[in-house]
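Student: I would like to learn how to read a model like this one. Can we go feature by feature?
Tutor: Gladly. Have the sequence and the structure open side by side.

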Amino acid sequence: MDNVCVCYITVGLSVGMISRLSDFYIVTVGFALCVQVIMADFLDTTEIKEALQNNNQALAVDKIKKLLEKRANTPLNIGITGESGSGKSSFVNAFRGVDHQGDQAAPTGVVETTTEVRAYPHPSYPNVTLWDLPGIGTTRFPADQYLKHVGFERFDFFIIISATRFRENDVKLAKEIQKMGKKFYFVRSKVDNDLQNAQRSQRNFDAEQTLALIRENCKEGLLKEGVQAPQVFLLSNFELQRHDFHRLHATLERELPEHKRDALLFAMPNMSLEIIEKKKEAFKSKIPHYAFVSAACAAVPLPGLSVAVDGALIVGAVQQYKTGFGLDRPSLQRLADSTGVPLEDLTSVVHSPLSLNTINEKFILKVLLQSAAVVGLMVAEEGLKFIPLFGNLVAATLSYKVTEKALLDFLHMLAEDAQNVFKRALRGMNSSV
């Protein structure tokens, strides 16, 4: 027991983390409490432990990946509808960060281009699907039959889009959706056209006043038609960061079931620093899950096992960070295409080696070894797990701290890169106006 304490305290002193015997007690007890909390919110790890005990590292890593990916694949289905020419397809493309001329774009045009239900999965998050529905005015079905025709049950909520005022068909559809207990939101698209017209015709033009008037007129018209508590949002499909898109996201975030909120958030384009910060906090909240699985594996006394498992965990997490922040190559290319800012200009403000390199276990280990603190913890962890009695618990605690610190550091790096890319894209768009 003395050897365990001495070794642990020595490592703690060298990395500035544990300096007294009392700290050892606090950390180990804290870890035990943490396990209890996380297990209440996490999935069963029995199969992972069995695979580790049978020295089947490949199976254990596979189980861990599936364990951590389950929540990331929560499906979210959004129905986009409205009358012909309202801008449904443009909204579908803008939300997914896809250029209107790209291969993955929903076709747009001045006449109705959607004649049947079309699914458009998010290019980075295929579990999030926007469904471009035919305009209700173009089908042979009345509002109640229209919902059955498009497969009402599959959708988590509907967005009803209009380029001008909301019309009779929009109101009928909203009432039918309301009867069936689903959420719906009115989006008034193309408000930039209204602002331009108002600016040309008004001597004392005020953009905010004009937007408020449009919003209130839409609400009043819907209320008169019997729509209860209509929620109206004014958008520009070509510049989502303007007008009411932030209000729309905040409303959806508030009204969606909790397990669907992250699916929406991560699929959102990075249209503001606030969105990037929200993504960072959502990723950060999941770090204890990864750290716990790391700790559980570290408690199994097999040489090199913890390093292998931690590598697989961190690779998976970092890849999720890159995708969520739009720092993978396909996302950066789509951003370049949709904003007109050259890809080289976007990548020039990326500083972390994680952003532009292929993420694998070898590369992650190379980055980890650049931190003296992490190296000290990894070495101590491997040695301590073979000491009887408290060795496994201390090794598990150290493994928890290694994974936690690595993921926090990597998350911070990538969030900073995402902020830099957003600012560069915004600057490029503004200079082209």
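Student: What percentage of the residues in the protein chain is buried?
Tutor: First, keep in mind that this is a predicted model. Buried residues make up 50% of the 433 residues in the protein chain. Buried here means under 20% relative accessible area.

Student: How many helices and strands does the chain have?
Tutor: The protein chain has 19 helices and six strands.

Student: What share of the contacts joins residues at least 24 apart?
Tutor: Take the contacts between residues at least 6 apart in sequence. Of these, 68% join residues at least 24 apart.

Student: In which sense do S2 and S3 pair, parallel or antiparallel?
Tutor: Strand S2 (residues 118-121) pairs with strand S3 (residues 128-132) in the antiparallel sense, over four bridges. The two form a hairpin, with six residues between them. Pro-121 stands opposite Thr-129 in S3. Ala-119 has Trp-131 in S3 as its bridge partner.

Student: And how many bridges join S1 to S3?
Tutor: Strand S1 (residues 76-82) is joined to S3 by five bridges, and these two run parallel. Again, check the partners. Asn-77 has Thr-129 of S3 as its bridge partner, while Ile-78 has Leu-130.

Student: Is S3 enclosed or open to the outside, and why?
Tutor: Count the buried residues of the strand, then check each face. Five of the five residues of S3 are buried, so S3 is largely enclosed by the rest of the structure. Both faces are covered. Val-128, Leu-130 and Asp-132 are buried on one side, and Thr-129 and Trp-131 are buried on the other.

Student: Asp-132 carries a charge. Which side chain of opposite charge is nearest?
Tutor: Lys-88 is the nearest, 4.6 Å away. A salt bridge needs the nitrogen and the carboxyl oxygen within 4 Å. Asp-132, which sits in strand S3, is buried yet has no salt bridge. Look for other polar partners too. The side chains of Asp-132 and Ser-89 are joined by a polar contact of 2.6 Å.

Student: How many salt bridges does the structure hold?
Tutor: It holds 12 salt bridges. For each one, ask which elements it links and how exposed its partners are.

Student: Let me try Lys-260 and Asp-156. Why does this pair tie together parts that are apart in sequence?
Tutor: Start with the distance. The side chains of Lys-260 and Asp-156 meet in a salt bridge of 3.2 Å, N to O. Lys-260 lies in helix H11 (residues 258-267) and Asp-156 in the loop between helix H6 (143-150) and S4, so the pair ties together parts that are 104 residues apart in sequence. Lys-260 is buried, at 11% relative accessible area. Asp-156 counts as partly exposed, at 23%.

Student: Where do Glu-168 and Lys-172 lie?
Tutor: Both lie in helix H7 (residues 168-179), four residues apart, about one turn of the helix. Glu-168 counts as exposed, at 55% relative accessibility. Lys-172 counts as partly exposed, at 40%.

Student: What do the side chains of Asp-192 and Arg-242 form?
Tutor: They meet in a salt bridge, 3.8 Å from N to O. Asp-192 lies in helix H8 (residues 191-201) and Arg-242 in the loop between S6 and H10, so this pair ties together parts that are 50 residues apart in sequence. Asp-192 is buried, with a relative accessible area of 17%. Arg-242 counts as partly exposed, at 33%.

Conventions
Residues are numbered from 1 along each chain as its sequence is written. This is a predicted model: local features need pLDDT of at least 70, side-chain atom pairs count only at pLDDT 80 or more; totals for chains, interfaces and linings use all residues. Side-chain values use heavy atoms; hydrogens and water are left out. Two strands pair if DSSP finds at least two bridges between them. Buried means under 20% relative accessible area, exposed over 50%, partly exposed in between (1.4 Å probe, protein chains only). Lys and Arg count as positive and Asp and Glu as negative; His and the chain ends are not counted. A polar contact is a pair of N or O atoms within 3.5 Å; within protein, one must be able to donate a hydrogen and the other to accept it, and residues adjacent in sequence count only if both atoms are side-chain atoms. Contact means heavy atoms within 4.5 Å.
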